[in-house]
Amino acid sequence: MTRAPASFARVFSSPLYAVLDIEQLQGRSSSAALEGLLQGGVSVVQLRAKTLPGKEFLELARDARRQTRARDCLLIINDRVDIALAARADGVHLGQDDLPLQDARTLMRTKLIGISTHDVEQARAAESGGADYIGFGPIFGTKTKETGYAPRGLPLLREARHAVKIPLVAIGGITEANVVQVWQAGADAAAMISDVLGAQDVAGKVKRILVLGTGAGLR
Ligand code: 3NM
């Protein structure tokens, strides 16, 4: 199975996996929100645009590609392999009902593929299928997405951590106030949407989270 070791290492050199969800921009433009994330120091951003038609999603992805490339930040596209490829993103993030991993791998070749997982079985299947990393959640309650799963909690996060070797990005209800517990439970990175994009000062918020993430012995 081909992987992309260079980018792969870079994604998880950061304890924060920022998700730019265009439905949570709080009146900002997506480029202004992305600028805040970049100024704060993120090194990986996932672009999430559930409701946009493909053409608009691609335009947004191309803009995000320009901004992220200028700051040496990885760009991952949520759900859409076609848009990830057309925008020359670094990878794609897929849910359980999106394009199957094997088909995505054929198209993405050595680019990154992350798979959303919600239990240990899905986590193992993503790993054995050749995913570069998994998302695992929802860890806590979240209003951002109706996942269909009760909060997994930290014990199940620990179980998933032990079940797979590939990087694990925890997601769902993670905030500045509880992120340290998530890293302590073994997550390589924490994905956050509402806590980060809901902040008045996005860059300041990111900086505080990254400072927490460099705390000794957390990960
Ligand atoms: N996926 P917030 S939970 C996009 O469990 C997403 O797979 C989840 O948003 C999963 O940080 C989630 O605002 C929403 O809780 C995360």
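Begin by selecting Asp 72, which sits in the loop that runs between α3 and β3 (74–78). Bear in mind throughout that this is a predicted model. Asp 72 is not a glycine, and yet its phi is positive, at about 55 degrees.

Next, move to Arg 88, in the loop between α4 (81–86) and β4. Here again the residue is not a glycine but has a positive phi, of about 60 degrees for Arg 88. The relative accessibility of Arg 88 is 57%, and Arg 88 therefore counts as exposed.

Which side chain makes a polar contact with that of His 93? It is the side chain of Tyr 133, and the contact is 2.8 Å. If you then display the surroundings of His 93, leaving aside residues up to four places away in sequence, you will find that it touches Tyr 17, Gln 46, Ile 76, Ile 77, Asn 78, Asp 79, Gly 114, Ile 115, Ser 116, Tyr 133 and Gly 135.

Now select Gly 137 and Pro 138, which are joined by a cis peptide bond with an omega of about -5 degrees. Pro 138 belongs to the loop between β6 (133–136) and α7 (153–163).

For the last stop, show helix α2 (residues 30–40) together with helix α3 (residues 54–70), whose axes come within 11 Å and cross at roughly 30 degrees. That angle makes α2 roughly parallel to α3, because angles under 35 degrees are counted in this way. The crossing of α2 and α3 is right-handed. To see where the two helices meet, select Ser 30, Ser 31, Leu 34, Glu 35 and Leu 38 on the α2 side, and Leu 60, Ala 64, Gln 67 and Thr 68 on the α3 side. Colouring this contact of α2 with α3 by residue class will show four nonpolar, four polar and one charged residues.

Note on methods: Residues are numbered from 1 along each chain as its sequence is written. This is a predicted model: local features need pLDDT of at least 70, side-chain atom pairs count only at pLDDT 80 or more; totals for chains, interfaces and linings use all residues. Side-chain values use heavy atoms; hydrogens and water are left out. A polar contact is a pair of N or O atoms within 3.5 Å; within protein, one must be able to donate a hydrogen and the other to accept it, and residues adjacent in sequence count only if both atoms are side-chain atoms. Contact means heavy atoms within 4.5 Å. Axes are lines fitted to C-alpha atoms, for helices over the stretch in contact, and angles run from 0 to 180 degrees between N-to-C directions. Helices (H or I, at least four residues) and strands (E, at least two) are DSSP runs, numbered from the N terminus. Angles under 35 degrees count as roughly parallel, over 145 as roughly antiparallel, 65 to 115 as roughly perpendicular and the rest as oblique. A crossing is left-handed if the near helix is turned anticlockwise from the far one by less than a right angle, and right-handed if clockwise. Ala, Val, Leu, Ile, Met, Phe, Trp, Tyr, Cys and Pro count as nonpolar, Asp, Glu, Lys and Arg as charged, and the others, Gly among them, as polar. Buried means under 20% relative accessible area, exposed over 50%, partly exposed in between (1.4 Å probe, protein chains only).
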